Amino acid sequence: MDVLHQRCAALDIGKKDLKACVRTPSPSGRRSRRQEIHTFATTTNALLELRDWLIAEQVTLVVMEATSDYVRREGA
């Protein structure tokens, strides 16, 4: 059985900004989806705005892609 997450988001993260796409059920009630894309800076305040938007949209699942290498350093 396939699982359909009704409210999900995808993040594409770069050094200076990130693109966030939220998909939710269409308000028309049909079997279609509404898609909204926003760009956010990677500053703390902008990331808090992203968090608030995801909460307001009632997103329950987030996936992300990042092109940079993220390395955990000893003692970090």
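Arginine 34 is partly exposed, at 27% relative accessibility.

The side chain of arginine 34 meets that of glutamate 57 in a salt bridge, with 2.6 Å from N to O. Where do the two partners lie? Arginine 34 belongs to strand β3, residues 33-41, while glutamate 57 sits in the loop between α1 and β4, so the pair ties together parts that are 23 residues apart in sequence. Is glutamate 57 buried or exposed? Glutamate 57 is buried, with a relative accessible area of 14%. The pairing also extends to a further residue: Arg34, Glu36 and Glu57 are linked in a network of salt bridges.

How many salt bridges does the structure hold? There are four. One of them joins arginine 51 and aspartate 52, whose side chains meet at 2.9 Å, N to O. Arginine 51 is partly exposed, with 44% relative accessibility, and aspartate 52 is partly exposed as well, with 43%. Another links aspartate 17 with lysine 19, where the closest N and O atoms are 3.6 Å apart. Here aspartate 17 has a relative accessible area of 31% and is partly exposed; lysine 19, at 39%, also counts as partly exposed.

I now turn to the nonpolar core. Eleven residues make up the largest such core, among them Leu18, Phe40, Leu50 and Trp53. Which elements each supply at least two residues of this core? They are β1 (8-13), β2 (17-25) and α1.

A word on confidence remains. The chain averages a pLDDT of 86, and 86% of the residues score at least 70. Between the elements, confidence is highest in helix α1, residues 44-56, at a mean of 97, and lowest in strand β4, residues 61-66, at 87. Where pLDDT is low, the predicted coordinates should not be read in detail.

Notes:
Residues numbered from 1 in each chain as written. Predicted model: local features only at pLDDT ≥ 70, side-chain atom pairs only at ≥ 80, totals over all residues. Heavy atoms only, no water. pLDDT = per-residue confidence, 0-100. Helix = DSSP H or I, 4+ residues; strand = E, 2+ residues; numbered from the N terminus. Buried < 20%, exposed > 50% of the residue type's maximum accessible area, 1.4 Å probe, protein only. Core = buried A, V, L, I, M, F, W, Y, C linked by side-chain atoms within 4.5 Å.
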